[in-house]
Amino acid sequence: MGNVVTGKGISNLRSNVFTIHDLMFPLYVIRGEKNLLVDCSILAKTKEIKGKLNELLGKEKIDLVLLTHSHYDHTGACSYLQKEYGFEIISSMRTKEILENDKAIEFIDNLNQKFKKVLNDRSNSVFSKPEHIRGIDENDTIRISGDQWIEVFATPGHTRCSISFLLKPENILFPGDAAGVIEKSGKIKPLFLSSYALYEQSLKKLMALKAVVLALPHNRAIKGENKVQEFLESSLRETQRLKEEILAALQISTDFASIAENILNREYTLPAIMGPREAHLINVTAMVKSIFYEFVKDPH
Ligand SMILES: [Zn+2]
């Protein structure tokens, strides 16, 4: 099997890790005594994901889902897939709290419904509260089999609930959105939605892990230790550059919404992830606010 991203199908990423291809939301399955799925894409992709999972797994099922964070495009298909496979979910404590909160469930469903419109999905599917969530912390280990396990790292900054998973001994890293998002063009978009300082710190923490594969949840994976390191360095540079750009804009005005609109119009004309504009605007506004609160209003 090749590793060319075709927009459909399944391929072997490395070792016992498989990619369920999608142009926007590739998913990763770790096959072993237990089958693990990392993240759950969007609600509109549920049927497609189920079909591909059944193709890959045959009569086996998904036993465990690892969530990198609580965002709607990582959790959207979760409740339906759980009804199908009955898996347990492992996430950060904060993600668990969010997914047990009715208001948050409504918010996640709302963005998923908007994405369904974008994709012309007219079904009446809804995102509902996932069950059987186990909260874990940094330094916890998830055993897959006798000689394979997953290490957990707190990587906040994208959100406060973000964690990353490192598959050992292979050193395959699942960073969620903590490493930024790669566009089709190869350009990297920073996503420090909850805190710039923590995002930068988390990026540096990921660099120190010396991963050989970066299994990104959007667009594609990065393979080879040097390529992974280059990606993370470039992601850090883009992060610092966007901070400077926002700081410059904040010198002129503190109208977060209009600063975000300007950045969105200039930089996100061809977004890495197609989706409701509202979701992108929420993201960029959050980054403007984090720079304001951390460097302008109350500089450390
Ligand atoms: Zn996210």
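## Close-up views of the predicted model

**View 1. Cys-78 and the other cysteines.** Cys-78 is buried, at a relative accessible area of 0%; buried means under 20% relative accessible area, partly exposed lies in between, and exposed means over 50% (1.4 Å probe, protein chains only). The structure is a predicted model, in which local features need pLDDT of at least 70, side-chain atom pairs count only at pLDDT 80 or more, and totals for chains, interfaces and linings use all residues. Residues are numbered from 1 along each chain as its sequence is written, and side-chain values use heavy atoms, with hydrogens and water left out. The closest cysteine sulfur to that of Cys-78 belongs to Cys-40, and at 3.8 Å this is too far for a bond. Zero disulfides turn up in a search of the whole structure, a disulfide being a pair of cysteine sulfur atoms within 2.5 Å. Cys-161 is in no disulfide either, with its nearest cysteine sulfur, that of Cys-78, 13 Å away. Cys-161 is buried at 2% relative accessibility.

View 2. Helices (H or I, at least four residues) and strands (E, at least two) are DSSP runs, numbered from the N terminus. Both histidines are buried: His-69 has a relative accessible area of 0%, and His-158 is at 1%.

**View 3. Helix α3 and what covers it.** Helix α3 spans residues 78–85, and its buried residues are Cys-78, Ser-79, Leu-81, Gln-82 and Tyr-85. Viewed down the axis of α3, these buried residues fall within an arc of 160°, so they line one face of the helix; the arc is that of the directions from the helix axis to the C-beta atoms. Their cover includes β4 (36–38), α1 (46–57), α2 and β6 (88–92). In α1 lies Thr-46, which is buried at 8% relative accessibility. Leaving aside neighbours within four places in sequence, Thr-46 is in contact (heavy atoms within 4.5 Å) with Ala-77, Tyr-80 and Leu-81.

**View 4. Asp-73 in helix α2.** Asp-73 is buried, with a relative accessible area of 9%. Not counting residues up to four places away in sequence, Asp-73 touches Phe-25, Ser-41, Ile-42 and His-218. Asp-73 and His-218 are 145 residues apart along the chain, and their C-alpha atoms are separated by 9.7 Å.

**View 5. Strands β1, β2 and β3.** Strand β1 (residues 10–14) runs antiparallel to β2, joined by four bridges; two strands pair if DSSP finds at least two bridges between them. Arg-14 has Val-17 of β2 as its bridge partner. Two residues separate β1 and β2 in a hairpin, and Ser-15 in the turn has a positive phi of about 55°. A further hairpin, through six residues, joins β2 to β3. β2 and β3 (residues 27–30) are antiparallel over four bridges, with Ile-20 opposite Leu-27. From β2 (residues 17–20), Val-17 and Thr-19 point one way and Phe-18 and Ile-20 the other way; all are buried.

**View 6. The six-stranded open sheet.** The strand order is β8-β9-β10-β11-β14-β15, with mixed pairing. At the edges stand β8 (141–145) and β15 (222–223), each with a single partner strand, so one side of each is left without a neighbour in the sheet. β8 and β9 run antiparallel, joined by four bridges. Ile-142 has Ile-150 in β9 as its bridge partner.
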